[in-house]
Amino acid sequence: MGYFKNIKICNFRNFNEFELEFSNKCNVFYGINGCGKTNLLEAISICTSGRGIRKDKVINFIKKNKTFFSNIANFVDKNIEYKFKVISEKKNNKFKKKIYLNDEISSEVNKKIQELITFLIYLPEHERLFIASPTTRRNLFDHFISSTDQKFNTLLNVYKKNISERNFLLNSNNIDLTWLEKIEENIAKSGLEIYENRSKQADIFKQNLEDINKYFTLPFKVNIQIKDSFFNSNFKFDEYKILLKKNREIDKILGGAKIGPHKSDIVFFVDSNYPASQLSTGQQKTLVLLLYFSQSNYLVKHCKKMPILLLDEINSHLDEYNTKLLLKIVSQFGIQVFMTGTKKELFSFLSTNANFYNISKK
């Protein structure tokens, strides 16, 4: 299994200099609100591409009144130790994040980093997943897809870029129709790929929840549907292009695009099509945890990946069943887990299976 051995952070968020040694199993950061627990999760999460668990700008990683940040972590995989160095660099008056692996940086190094580390990230807003906006559900779904296929993030970015470029063209004085049609072809192609990936992810959840139910009794059966005003499994590339062309005038006025995977919702039901949004708060927490359990099961058993779980403020609404469920997720796969919470006693169910760190005493 791959795991973080330690981390040393400098000028990151609220920390001047701070370092910790980690267990290769479960690690709990506890302390008062504002002490930096989530900042530590973020410091770990930026060891791969992207903007970390908060999706923030690099300049906001840097401690106030400092000019840079530098985080160094040692990561062990198959008895080989790797040194990660994540720093800020200012170029053309803009801050960028740079990641070094064993003091090297290149496209091949980036590829190796993606092979080494897979994160599954739980955030407090996921408590309200089923009553939040469709964007929240799409983002979590896409996060799970990206845990198995890093190219999916690139696909999403290409799609968004083409939507933006099409909108710019539609509002220009002299529209290059040839270029506009090419962009709409790109939108249709990438849009259909996004739909296909999300449909596949829904099937992955279903199959792995059935697998889990063989050794951990689930309280209900889960049904996931992709709700979209025009998409179905028989939707074709040419149809997509025709609709984009038809909607040019309204898209010019409203901006963006009236149709596409950015307009989808992902709707969850339990048992006989009972909406997840109508479940009790504790039951909604159960369903969210089951999604993480399912994805962990899929990554470990089918993709031969050992994800690292970053679970921020995970201990709210932990009734007896949810406590057992979370403990099962932590112990089932032999993966490294990081959790945060305000009090150590909230994690008493972990017993001796975790290392505890009082961040308030940093």
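Does Lys78 count as buried or as exposed, and what is its relative accessibility? In this predicted model, Lys78 counts as exposed, at 70% relative accessibility.

**A loop between two strands**

Lys78 lies in the loop that runs between strand S4 (70-77) and strand S5 (80-91), and Asn79 is found in the loop between S4 and S5 as well. Lys78 is not a glycine, and yet its phi is positive, at about 55°. Asn79, which is likewise a residue other than glycine, has a positive phi near 65°. Asn79 is also exposed, with a relative accessible area of 79%.

| Residue | Relative accessible area | Class |
|---|---|---|
| Lys78 | 70% | exposed |
| Asn79 | 79% | exposed |
| Ile250 | 34% | partly exposed |
| Cys303 | 24% | partly exposed |
| Cys47 | 2% | buried |

**A buried strand and its partner**

S7 is joined by four bridges to strand S11 (residues 308-311), and the two strands run parallel. Within this pairing, the bridge partner of Ile121 in S11 is Leu310.

Ile250 belongs to helix H7, which spans residues 248-254. Together with Ile253 and Leu254, Ile250 makes a nonpolar surface patch of about 330 Å². Ile250 is partly exposed, with a relative accessible area of 34%, and it can take part in such a patch because patches are made of residues with over 30% relative accessible area.

**Cysteines without a disulfide**

How many disulfides does the structure hold? The structure holds zero disulfides. A disulfide is a covalent bond between the sulfur atoms of two cysteines. For Cys47, the closest cysteine sulfur is that of Cys10, and the 15 Å between the two sulfurs is too far for a bond, because a disulfide needs a pair of cysteine sulfur atoms within 2.5 Å. Cys47 is buried, with a relative accessible area of 2%, whereas Cys303 is partly exposed, with a relative accessible area of 24%.

How values were computed. Residues numbered from 1 in each chain as written. Predicted model: local features only at pLDDT ≥ 70, side-chain atom pairs only at ≥ 80, totals over all residues. Heavy atoms only, no water. Patch = residues over 30% accessible without salt bridge, like charges linked within 9 Å, V, L, I, M, F, W, Y side chains within 5 Å. Areas by Shrake-Rupley, 256 points an atom, 1.4 Å probe, with all protein chains shown as cover. Salt bridge = Lys/Arg side-chain N within 4 Å of Asp/Glu carboxyl O. Buried < 20%, exposed > 50% of the residue type's maximum accessible area, 1.4 Å probe, protein only. Pairing = 2+ DSSP bridges.
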